[in-house]
Amino acid sequence: MRATVIRFPGSNRDRDMIAALTLISGQAPQLAWHTDADLPPSDLVVIPGGFSHGDYLRSGAIAARAPIMDAVRKAANSGAKVLGVCNGFQTLTEAGLLPGALMRNAGLTFVCREVILEVVNNTNAYTQHYAKGEMIRCPVAHHDGNYFADSETLKRIEGEGQVAFRYAQGTNPNGSLNDIAGIFNASGNVLGMMPHPENLIEPAHGGDDGRRLFEGALGLAMAGAA
Amino acid sequence: MKDIQVTAQIAADHGLSADEYARIVELTGRVPTFTELGIWSAMWNEHCSYKSSKKWLKTLPTEGPQVVYGPGENAGVVDIGDDDVVVFKMESHNHPSFIEPYQGAATGVGGILRDVFTMGARPVATMNALRFGEPDHPKTRHLVSGVVAGIGGYGNSFGVPCVGGEVNFHERYNGNILVNAFAAGIAKRDGIYVSKAEGVGLPVVYLGAKTGRDGVGGATMASAEFDDTIEEKRPTVQVGDPFTEKCLLEACLELMATGAVIAIQDMGAAGLTCSAVEMGARGDLGILLDLDKVPAREENMAAYEMMLSESQERMLMVLRPEKEDEAKAIFVKWGLDFAIVGETTDDLRFRILHKSEEVANLPIKELGDEAPEYDRPWIESGTSSPMEPHEFAPPHDYNMAMLKMLGSPDLSSRRWVWEQYDTLIQGNSLQIPGGDAGVVRVDGHPTKALAFSSDVTPRYVEADPFEGGKQAVAECFRNLIAVGAKPLAATDNLNFGNPEKPEIMGQFVAAIRGIGEACLALDMPIVSGNVSLYNETHGAAILPTPTIGGVGLIEESDKMARIGTADEGDALFLVGT
Amino acid sequence: MSDKTFSARVTVRLKNGVLDPQGKAIEGALGSLGFGGVGSVRQGKVFDIELQADSKKTAQSELEAMCEKLLANTVIEDYAVEIG
Amino acid sequence: MSDKTFSARVTVRLKNGVLDPQGKAIEGALGSLGFGGVGSVRQGKVFDIELQADSKKTAQSELEAMCEKLLANTVIEDYAVEIG
Ligand SMILES: Nc1ncnc2c1ncn2[C@@H]1O[C@H](COP(=O)(O)OP(=O)(O)O)[C@@H](O)[C@H]1O
């Protein structure tokens, strides 16, 4: 499995993501810079969290128009997995690789706390190591995580099993529609999510519920399942 | 603007006393130009020269086998073993935050982060110590929400976890809030950069964002008391750009790794002036700057304005000439301005060219070394008479009393504040705010972690500055040991009123003595810090608030202690006196 | 070749039906400040842009292209271009 | 008492000389997208407000008060009110 982490000026959870992928796969991911025209051959492309280009204009908007995004689009179309976390999710929606948009949190403030996520769909590589309906812990840290899509789109993604994660009742930190925390694209190889699984993968983090997501995405067996 | 003829009155308007101005004329060897006067006043104001506090700061214990650099650099540097060092400092942004809470607090965070990464360290933790007026004072809500959002807005985007801080409310801060920001970073011991330039004829390089008119006169503002003309001082507000700062961090660390950097200094208060003078004077060199080469954001800026601008996210550096192209490529990659704006000289002069004319030519050493140092008169603070428990009626209902205390603004949970800060980024947070001390593991080390705590109880300092100063250090020390850390060293942010009043100076002197005594007894030297004086409104001073930011080392983080891990049936012990 | 400088204003607003958390919050805040008659508030963005183009018409079409490509997220936003 | 409904637009812009990181970032992004002639970009906010008032004059002064108290940060921003 070859993983690549894309970095934009202003990415700031890139180091967290690199550390997580390295720890879980035993191998450092490849790196790509926003102005690169091509990606190295990759089975998993990750757009990490942060404030790309300051998140000026709209979160992820300028990043979504970077040269590297053409390569990401190509990779996604040819079936590679593309994972966007937080700013990565915002960037994927801005790039049109995922439907909808991420608006300012309903409470208008940045929110960093642990939430509970419901695994809505586990028939996908990313979520294969979770049980359907399983409640997992995961931290969030964002200002613009309020998922919005028009009613038609919403109906479609709900109907097609494109909702990956939902905030458990009472823990929605941002007012997102249908408590949506993460969604797949129609073919299931692109996942965008606001919460940060990379910050909950080892005992030092106080838990490792995020780990299985990467094990799934990297095609690895669960560490605990050996 | 160069036509403005300097007079004693103009000097007074710059906050210079008649004696100070006379000395300036003597040192300049003539009546200074307007630009020169701006430079002198920036170097000699309280904020940069520490003229009221220097005498007393010198009495603080600053040494120890663990100390690599004590006060005098951008931040203190302390050894943590394995060739790693922790670099940290705390700094105030009180006045700017009162005028524009969001930007004031944000740029305060930006400034302290620059102090840390200028030295070659990657920032790994921040804290913020905040003091506001009464909760129901009409301004408080606006100030609290702006300051907290500003700290979060900058730190979250820059990408450093906030691990601790303080928030208190008291009427004495109604017209003068305190925003003290702390930052710590980790570096390799041999990867530390200082401001001292070495070598003649080397390029002086300007890095980061462009220069605008922001904050012209800001350092003067920070050294003046507030009054009703505050509204007029508003155009000096600086706007922070955490995105540019994050790029600056990455570019600086990348550049340092190439070995291109000889000396580097961030532009803080009175940006270009203080940074250039410091680099030259430290290295016994002169500096020649050509302002036409300085990247400017606005047109027709006068030399005076460029020299005093406090535009954020800028640095000055002395570079190895053979590495120039490599350095430039790194800055272009990060979208930052990079310009050679001058050179080091052997004449010990600070010379400024603007539109091909020399607008300043001053003795560089004297700008800093000859800054006035005052032994301000002070009087011994009386200690408040102790109160006896029997003077108070016991509560009727202890449960209610308990609930009332827990619900009070000063004791209630601060979760609403720190949930607006990213406390988890970098993936090394072992203890986030809410416990005794914040803890982050040392990236790359299997077991080590650092603990951070910020403390002071201003009403104790008011009641007895000496004991209160001691107590602030002791409390910080206790918070560090409570998580299992060995306290290493501390930084202090001394917030007081007008030092020209003997009773305020008395508080200051006694508090420093108390801090010094406690630091000595506990082997927790002060390695960096900041002094903020003139915190007064309409002649009424804030509570004396010497904030202590302590750093401790945990060798084996799996043995770390934390609150909230007790089980039912565990025995409780009370330790101490 | 003889380019002129145009000053343009681009206004970007949320489409009707798209929830506007900031507008809502401002509505509430204005209410609590005692402003009684406020019905609804919607927040948008405005960009003041100086640009060189050979004619107003080119400027207009350039600006529209900027909106489509970057300034507006047309999933949720509408835009309007005015050249001063 | 016979209140009418007014549709107003409030535009809030950074004062001249105040750093506009957003505008600067957008300028850069438009450049990299190949828009050549862009000189400068400044970003501001616009509020579309419906409000009830007995006259246009009252509406105007209410809106100005809203700007002073909430909509604009007059330390760094200017505002303009237009009633449609
Ligand atoms: N209260 C204090 N205790 C110890 N050192 C101090 C104190 N105040 C300032 N210093 C030291 O004096 C030097 C100059 O401080 P300052 O002007 O705030 O730094 P900067 O160069 O970042 O503006 C710094 O090295 C600082 O650590």
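Mentor: Start with contact: it means heavy atoms within 4.5 Å. By that rule, chain B gives 25 residues and chain A gives 23 residues to their contact. Keep in mind that this is a predicted model.

Trainee: How much area do chain B and chain A bury between them?

Mentor: About 2000 Å², with 55% of it on carbon and sulfur atoms. That figure is summed over both parts. On the side of chain B, Phe243(B), Glu419(B) and Leu424(B) lose the most area to chain A, together 28% of what that side buries.

Trainee: Why is the pair Asp422(B) and Arg13(A) called a salt bridge?

Mentor: The closest N and O atoms of Asp422(B) and Arg13(A) are 2.7 Å apart. The cut-off is 4 Å, from a side-chain nitrogen of Lys or Arg to a carboxyl oxygen of Asp or Glu. The 2.7 Å value lies within 4 Å, so the pair qualifies.

Trainee: What else does the interface of chain B and chain A hold, counted as polar contact?

Mentor: There are 10 residue pairs in polar contact, both residues at pLDDT 80 or more. As for elements, α8, α10 (242-257) and β14 (429-431) of chain B each supply at least two residues of the side that touches chain A. Of the elements, α10(B) gives the most, with 4 residues. By class, that side of chain B has 9 nonpolar, 8 polar and 8 charged residues.

Trainee: Now chain B itself. What makes β1 and β5 of chain B edge strands?

Mentor: The sheet has 6 strands in the order β1-β2-β3-β6-β4-β5, and it is open with mixed pairing. β1 (67-69) and β5 (162-169) of chain B each pair on one side only, and they are the edge strands. Neighbouring strands of this sheet are turned by 20° against each other on average, direction ignored.

Trainee: How do you know that β3 and β6 of chain B pair?

Mentor: Pairing needs at least two bridges. β3 (residues 84-92) and β6 (residues 178-188) of chain B have 9 bridges, in the antiparallel sense. That meets the rule, so they pair.

Trainee: What makes Asp48(D) and Arg13(C) a salt bridge?

Mentor: Their side chains meet at 2.7 Å, N to O. The limit is 4 Å, so the label holds. Between chain D and chain C the rule finds 2 salt bridges. There are also 12 residue pairs in polar contact.

Trainee: How many residues of chain D touch chain C, and which strand gives the largest share?

Mentor: 30 residues of chain D are in contact with 30 residues of chain C. The largest share of the side of chain D, 15 residues, comes from β2(D). The buried area is about 2600 Å², and carbon and sulfur atoms give 65% of it.

Trainee: Why can β2 of chain C and β2(D) be called paired?

Mentor: They share 11 bridges in the antiparallel sense. At least two are needed, so the strands pair. One of the bridges joins Gln43(C) to Phe47(D).

Definitions and conventions:
Residues are numbered from 1 along each chain as its sequence is written. Chains are lettered from A and ligands numbered from 1 in the order in which they are written. This is a predicted model: local features need pLDDT of at least 70, side-chain atom pairs count only at pLDDT 80 or more; totals for chains, interfaces and linings use all residues. Side-chain values use heavy atoms; hydrogens and water are left out. Axes are lines fitted to C-alpha atoms, for helices over the stretch in contact, and angles run from 0 to 180 degrees between N-to-C directions. Buried area is the accessible area (1.4 Å probe) that two parts lose on being put together, summed over both. A polar contact is a pair of N or O atoms within 3.5 Å; within protein, one must be able to donate a hydrogen and the other to accept it, and residues adjacent in sequence count only if both atoms are side-chain atoms. Ala, Val, Leu, Ile, Met, Phe, Trp, Tyr, Cys and Pro count as nonpolar, Asp, Glu, Lys and Arg as charged, and the others, Gly among them, as polar.
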